[in-house]
Amino acid sequence: MAAGRYSAPQRAITRRDNEFIGDLAAWERENSEDNSEQLSRLRRNMRKVREMELTDKQAEMIHLYYDLGMSIPQIAREKGLHKSSVSRTLARGRERLKRYLQYSF
């Protein structure tokens with residue numbers, strides 16, 4: 001084996017490392033800014049976009065997928081559609097949501 005190709009094994013993550021990461025997450029939660037107003041505005045705008053800008057089919061697919069947690073094959077079976085149709089409809093709905101919500105902050 002060539003001398004330059006050997007690398008030392010990576011150090012394993014220990015319980016102590018995980019405790020540090022958990023402590024850091026708790027510290028960030030306690031010391032971060034309150035963004036409840038931004039989240040409230042985003043939810044309000046999301047509701048408006050879903051009601052006013054999405055097609056009925058897009059809104060229904062997004063509801064089934066995100067709100068009810070159904071998978072694409074489950075939605076396709078229930079609606080009698082092909083999986084690719086459901087996937088494309090979800091993608092178009094997400095793109096439309098993104099376009100309308102990108103400036104909501």
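1. Is Thr-89 buried or exposed? In this predicted model, Thr-89 counts as buried, because its relative accessibility is 8% and the cut-off for buried is under 20%. The residue sits in helix H5, which spans residues 83-101.

2. The side chain of Thr-89 has a polar partner. One of its polar atoms lies 2.8 Å from the backbone oxygen of Ser-85. Beyond neighbours within four places in sequence, Thr-89 is in contact with Lys-57, Gln-58 and Met-61.

3. Next, the packing of H4 on H5. Helix H4 covers residues 72-79. The axes of H4 and H5 are 8 Å apart, at an angle of about 110°. The two helices are therefore roughly perpendicular to each other. H4 passes H5 in a right-handed crossing.

4. From H4, the residues Ile-72, Pro-73, Ile-75 and Ala-76 take part; they meet Lys-83, Val-86, Ser-87 and Leu-90 of H5. By class, this contact holds 6 nonpolar residues, 1 polar and 1 charged.

5. H5 also packs with helix H2, residues 36-52. Their axes come within 10 Å and cross at roughly 130°. That angle makes H2 oblique to H5. The crossing of H2 past H5 is right-handed.

6. On the H2 side, the contact uses Leu-42, Asn-45, Met-46, Val-49 and Arg-50. Their partners in H5 are Leu-97, Tyr-100 and Leu-101. The contact of H2 with H5 divides into 6 nonpolar residues, 1 polar and 1 charged.

Notes
Residues are numbered from 1 along each chain as its sequence is written. This is a predicted model: local features need pLDDT of at least 70, side-chain atom pairs count only at pLDDT 80 or more; totals for chains, interfaces and linings use all residues. Side-chain values use heavy atoms; hydrogens and water are left out. Axes are lines fitted to C-alpha atoms, for helices over the stretch in contact, and angles run from 0 to 180 degrees between N-to-C directions. Helices (H or I, at least four residues) and strands (E, at least two) are DSSP runs, numbered from the N terminus. Angles under 35 degrees count as roughly parallel, over 145 as roughly antiparallel, 65 to 115 as roughly perpendicular and the rest as oblique. A crossing is left-handed if the near helix is turned anticlockwise from the far one by less than a right angle, and right-handed if clockwise. Contact means heavy atoms within 4.5 Å. Ala, Val, Leu, Ile, Met, Phe, Trp, Tyr, Cys and Pro count as nonpolar, Asp, Glu, Lys and Arg as charged, and the others, Gly among them, as polar. Buried means under 20% relative accessible area, exposed over 50%, partly exposed in between (1.4 Å probe, protein chains only). A polar contact is a pair of N or O atoms within 3.5 Å; within protein, one must be able to donate a hydrogen and the other to accept it, and residues adjacent in sequence count only if both atoms are side-chain atoms.
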